[in-house]
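The tour below goes from one selection to the next.

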Amino acid sequence: MEKITVKCKTAVYGNVRAELLWANEPMSFWGTVDPQTGVIRDNRHSLYKKNMSGKVLAFTTPKGSSGTGLIILEQIRTGCAPAAIINLRSDPVVLTGPVIAKRFYNVDIPVVNLSEEDYGKLEGAKEVEFFADRDEIDIYY
C-alpha cells in the first residue's frame with residue numbers, strides 16, 4: 001500500500017488504524033445513524049446504508065443536534081461506534097461523545113481536523129492510521 005503522512009489538529013488522541021469511510025459533506029448523527037447497528041439510514045446522505053462500525057468516519061463538519069454525543073456513546077455501548085473521526089472542523093456536538101468515552105469507558109475514538117487540501121487527499125484512500133503521541137495521520141491507498 002502507498003502511504004502519505006499529513007499534519008492534523010488533534011482534538012482526541014488515540015492509536016487506531018482502520019478502513020476509511022469518507023464523505024465530502026456534513027453529517028448529523030441524530031436521526032441519521034442507527035445507534036444499534038452503526039448503519040447510516042438517511043437516504044439523502046452519500047453514505048446511505050454504509051456501516052461505520054469500527055471504521056474511520058470522515059465527514060466535512062458535524063451538523064444538527066446536541067444529541068450526537070449521546071448517539072456516539074450508545075454506539076460504544078452496542079459495539080458499533082466508529083474507530084475514529086476526521087473533520088474539517090469538529091465542534092462540541094461531535095466531540096462530546098469521544099471525550100466522554102475516553103473518560104468513562106476507557107475507549108479511544110480519535111478525532112482530528114484536517115485542512116481542506118489534506119481532507120481532499122482522503123478521497124480514494126483505503127485506511128487511515130492515528131497516533132496518540134503526534135499530530136499527524138498516515139493515509140494508505
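The stops that follow cover charged side-chain pairs and then a cysteine in a loop.

This is a predicted model, in which local features need pLDDT of at least 70 and side-chain atom pairs count only at pLDDT 80 or more, while totals for chains, interfaces and linings use all residues. Residues are numbered from 1 along each chain as its sequence is written, and side-chain values use heavy atoms, with hydrogens and water left out.

**Salt bridges**

How many salt bridges does a search of the whole structure find? The search returns 9, a salt bridge being a side-chain nitrogen of Lys or Arg within 4 Å of a carboxyl oxygen of Asp or Glu.

Select E74 and R77 first. Their side chains form a salt bridge with an N to O distance of 2.6 Å. Both residues belong to helix 1 (residues 68–78) and sit 3 residues apart, about one turn of the helix. Helices (H or I, at least four residues) and strands (E, at least two) are DSSP runs, numbered from the N terminus. Now colour by accessibility: buried means under 20% relative accessible area, exposed means over 50%, and partly exposed lies in between (1.4 Å probe, protein chains only). E74 is partly exposed because its relative accessibility is 23%, whereas R77, at 58%, is exposed.

Move on to D118 and K121. A salt bridge joins these side chains at 2.9 Å, N to O. Is D118 buried or exposed? D118 has a relative accessibility of 12% and so counts as buried. K121 reaches 30% and is therefore partly exposed.

Next, select R134 and D133, whose side chains meet in a salt bridge of 3.5 Å, N to O. R134 is partly exposed at 34% relative accessibility, and D133 is exposed at 62%.

Return to helix 1 and continue to C80, which lies in the loop between helix 1 and strand 5 (84–87). With a relative accessibility of 3%, C80 counts as buried.

Which residues is C80 in contact with, leaving aside its neighbours within four places in sequence? Taking contact as heavy atoms within 4.5 Å, show D34, P35, Q36, T37, G38, M52, S53 and Q75 around C80. To finish, draw a C-alpha to C-alpha distance from C80 to G38: it is 5.1 Å, although the two residues are 42 apart in sequence.
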